[in-house]
Amino acid sequence: MRRCSIKARQRAQLRGFLWLLTAALLAGGLWLNRYVNTVIKPTLHELAEYEARAATVQAVNRAVAAALAADASLTNALFVQSGGIVSLDAAAAGAAQTQFVSAVQTEMDALPEICYAVPFGSLTNNSLLSGLGPGWLLSIRPKGYVQGEIRETTQSLSINTTRYNAVLQLSVTVNMILDGSTATLTVAADYPLASLLVCGDIPNAYASDLD
């Protein structure tokens, strides 16, 4: 009887140990899953957004610079003057806008996939672990579409002196594909294209409202 009771006690202890081990593994798995979702993945998305935004800004700058270098006349006829009135030429602005948007879209379509490895310690937001641990492979495919518009702005410099500016306003919406998940970011930039200074006659008298 004693031998049976000892074996039964040992089996009970073994079962208790296995239950504790299972519970510990389950708790550890749940903690790790929560840690990955609340710390690792947000950090990965921040890094991916930074890289995608940087690649997009560089692509837009290259496209605008290349378009201006290829056809400098794009900005020569943006303003027209008629009867002392200065205005933005709609046809010239539309043609220039189409070329700029097309050039940026072509550059965006040619962006390659971005791949690099981030040390796991750098994803923990712990300065002591930064740069340590195995690499977490990060793959980003930035794809997006471009919208643009050329707008006229004015700036009063002095009495009867006004500066007219033609500004290219570009907005690129990037669909960032990261490890099977997608996120969207928007990159906006303004590029001055032309500036015209108009000086009028200086008046001989001034008037102001008096209360």
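**Figure 1. Asn165 in strand β5.** Asn165 is found in strand β5 of this predicted model. At 18% relative accessibility, Asn165 falls under the 20% limit and therefore counts as buried. Its side chain makes a polar contact with the side chain of Ser195, at 3.1 Å. Neighbours within four places in sequence aside, Asn165 is in contact with Phe79, Arg151, Glu152, Thr153, Ala194 and Ser195.

**Figure 2. Overall layout of the predicted model.** The protein has 2 helices and 6 strands. Along the sequence these elements follow the pattern α-β-β-α-β-β-β-β. Of the 211 residues, 26% are buried. The protein exposes about 13900 Å², and carbon and sulfur atoms supply 57% of this area. Among contacts between residues at least 6 apart in sequence, 65% join residues at least 24 apart.

Figure 3. Helix α2 covers residues 90-109, 20 residues in total. From its first C-alpha to its last it reaches 28 Å, close to the 28 Å expected at 1.5 Å a residue. The buried residues of α2 are Ala93, Ala96, Phe100, Val101, Val104 and Met108. Seen down the axis of α2, these buried residues fall within an arc of 130 degrees, so they line one face of the helix. The face turned away from the buried side of α2 carries the exposed residues Ala91, Thr98 and Thr106.

**Figure 4. The start of helix α2.** Here a side-chain oxygen of Asp89 reaches to within 3.2 Å of the backbone nitrogen of Ala91. Ala91 is also one of the exposed residues on the face of α2 turned away from its buried side.

**Figure 5. The largest nonpolar core.** This core holds 35 residues. Those that touch the most other members are Val64, Phe100, Val104, Met108, Leu168 and Leu170. At least two residues of the core come from each of α1, α2, β4 (135-158), β5 (161-178) and β6 (181-199). Helix α1 supplies the largest share, 8 residues. Phe100, Val104 and Met108 also belong to the buried residues of α2.

**Figure 6. Surroundings of Phe100.** Phe100 is one of the buried residues of α2. With its neighbours within four places in sequence left aside, Phe100 is in contact with Val64, Ala67, Leu68, Leu74, Leu168 and Leu193. Among these contacts, Val64 and Leu168 are listed with Phe100 as core residues that touch the most other members.

**Figure 7. Thr56 in helix α1.** Thr56 is found in helix α1, which spans residues 2-70. Thr56 counts as buried, at 0% relative accessibility. Not counting residues up to four places away in sequence, Thr56 touches Met108, Val172, Val174 and Val187. Met108 is one of the buried residues of α2. Thr56 and Glu107 are 51 residues apart in sequence, with their C-alpha atoms 9.1 Å apart in space.

**Figure 8. Thr75 in the loop between α1 and β1.** Thr75 lies in the loop that runs between α1 and β1 (79-82). Thr75 is buried, with a relative accessible area of 17%. It touches Leu68, Leu193 and Ala194, residues up to four places away in sequence not being counted.

Methods:
Residues are numbered from 1 along each chain as its sequence is written. This is a predicted model: local features need pLDDT of at least 70, side-chain atom pairs count only at pLDDT 80 or more; totals for chains, interfaces and linings use all residues. Side-chain values use heavy atoms; hydrogens and water are left out. Helices (H or I, at least four residues) and strands (E, at least two) are DSSP runs, numbered from the N terminus. The expected span of a helix is 1.5 Å times one less than its number of residues. Buried means under 20% relative accessible area, exposed over 50%, partly exposed in between (1.4 Å probe, protein chains only). The arc is that of the directions from the helix axis to the C-beta atoms. A polar contact is a pair of N or O atoms within 3.5 Å; within protein, one must be able to donate a hydrogen and the other to accept it, and residues adjacent in sequence count only if both atoms are side-chain atoms. Contact means heavy atoms within 4.5 Å. A nonpolar core is a set of buried Ala, Val, Leu, Ile, Met, Phe, Trp, Tyr and Cys residues joined through side-chain atoms within 4.5 Å. Accessible areas come from the Shrake-Rupley method with a 1.4 Å probe; for residues, only the protein chains shown count as cover.
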